[in-house]
Amino acid sequence: MQIECTCKNVCLCYVLILILILLFPSGHQDYILEPLSLPESACGISAEEESPAVPCLFCNEYYPISEQNQILKHMITKHKFVIAEVKLIADFRRYVLYWKKRFTEQPITDFCCRIRTNSEAALEDQDDYFLLCDALPEDRELREKLQQQRLKSILDQQQQERYDADFHGICIFCEQLFLGNRSVLLNHMAKDHAFNIGLPDNIVNCKEFLDVLQKKIDSFQCLYCEKTFGDKNKLKDHMRKKQHRKINAKNQEYDRFYIINYLEFGKSWEQVQSEDDRELFHNQEEDWSDWEEHPVCAVCLFCEKQTDTTEKLYVHMEEAHGFNLLKIKSEHNLNFYQQVKLMNFIRRQVHQCQCFKCEKKFQLKEELICHLEDNKHIAVLPDRSVWDQPQYYFPTYENDTLLCTLSDSEDELTAEKRTDNIPVFSEDVSNIEALKQSSVLNELLHEELNNIEA
């Protein structure tokens, strides 16, 4: 089947972003295997320790578990196979081993959806891809079973660490040795160095966690802002002056060390915490009097500027970059879906530091923006066939608020046409008594009363 957008919900799931990769021309090397978020972050996530290798589902290729993206890319490009919502798989290696065995027992078509791309092209240019997702009951059951097994293993590990009296560790700041329970070292760092990574009972795999932090300190990297310095003294002065005596909570590398990230299937600590204010008493009368809407927080197409309304963002893009989105929409008569595709096209080109007019590539985003502005390319769209493509239905950034606030001029025009053709006549109210006797409402009232009496 052909991938088409059937609704205006642009907050699409991870699987659709994976499918977006499939729609790129062959030979394209800018693969994006994870959803992007605005604004873009420059800090990376270090690779995990080497783990048992993960086999390809269809051939003899093997990859370390730390190179999960590589095996996903391999299966997409070589075998035209996509796994949906990979981030919700608790044990990726066991998941792959299970399906590798099942695919030898039954044909892949018994389990996977078939997706045909370029369905309007010539037959030789069409491709069939297979999608494995938890819409299949067997896949859903496997994912939940792996999640339960991981949770049990983590809770057992936490219980063992909680009562372990043989723990020994060195403070990452003063290098003092601590023996006994892990809480002694963690409480020391919190009390004597004002460095608190959380309550001991909330942490799992504590020894590995401390080793990760020690490696960062030894490489003179700040644990909060993750900047690197020339020596330990400069790092110490920076963390003291800037009060960077904590870890970067947004760094997903640390998520595996906190028990909260294992509690609910497919939910991180941020999602769990965001639900803390949900309704506790179902019978309690609802009171919305103190409810306030959160600001929009839309991000510019070209820089990191954020505004609380899209109107302010439109003004900023016109004044700072010479890009008038409303004018472009009007001149090119863009409907809602075309606006979505244009925004996603521009987002992707800017993310890849490539001019969307002349296709020249740059090393830095700042160089691209200067090029766009200096050469007046920023307000000149390429040919419609370049950006008006099905792959740009899918958002480049999963949290792109600008997409959610685009106006649907097509629906507005349709609504106007409907109302223009409906005549409305008002009743003459100059003689109220006569109106009471002749009004059609009066007749309907009498009919209703008669029906009740009958």
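This is a predicted model: local features need pLDDT of at least 70, side-chain atom pairs count only at pLDDT 80 or more; totals for chains, interfaces and linings use all residues.
User: How many salt bridges does a search of the whole structure find?

Analyst: A pair counts when a side-chain nitrogen of Lys or Arg lies within 4 Å of a carboxyl oxygen of Asp or Glu. Searching the whole structure with this criterion gives a total of 19.

User: Which parts of the chain does the salt bridge between R162 and D201 tie together, and how far apart in sequence are they?

Analyst: The closest N and O atoms of R162 and D201 are 3.4 Å apart. R162 belongs to helix 4 (residues 137-162), while D201 sits in the loop between helix 5 (182-192) and helix 6 (206-218). The pair therefore ties together a helix and a loop, and the separation in sequence is 39 residues.

User: Is R162 buried, partly exposed or exposed, and what about D201?

Analyst: Buried would require under 20% relative accessible area, and exposed over 50%. R162 has 27%, and D201 has 39%.

User: What is the N to O distance in the salt bridge of D134 and R140, and how accessible are D134 and R140?

Analyst: The two side chains meet at an N to O distance of 3.2 Å. D134 is partly exposed, its relative accessible area being 25%. R140 also counts as partly exposed, at 32%.

User: Where do K327 and E331 lie, and how many residues apart are they?

Analyst: Their side chains form a salt bridge with an N to O distance of 3.9 Å. Both residues are in helix 10 (residues 325-331), with a spacing of about one turn of the helix. That spacing is four residues.

User: Which residues are linked with K101 in a network of salt bridges?

Analyst: K101 is part of a network of salt bridges. The residues linked with K101 there are R102, E105 and E138.

User: Which residues does the UniProt annotation "domain: C2H2-type" cover, and how far apart are the end C-alpha atoms of 220-249 and of 351-382?

Analyst: The annotation comes from an unreviewed UniProt entry and covers residues 220-249 and 351-382. Residues 220-249 are 33% helix and 0% strand, and residues 351-382 are 34% helix and 0% strand. The end C-alpha atoms are separated by 19 Å in 220-249 and, in 351-382, by 17 Å.

Terms used
Residues are numbered from 1 along each chain as its sequence is written. Side-chain values use heavy atoms; hydrogens and water are left out. Buried means under 20% relative accessible area, exposed over 50%, partly exposed in between (1.4 Å probe, protein chains only). Helices (H or I, at least four residues) and strands (E, at least two) are DSSP runs, numbered from the N terminus. UniProt positions are given in the numbering used here, feature names are shortened, and annotations may be inferred rather than shown by experiment.
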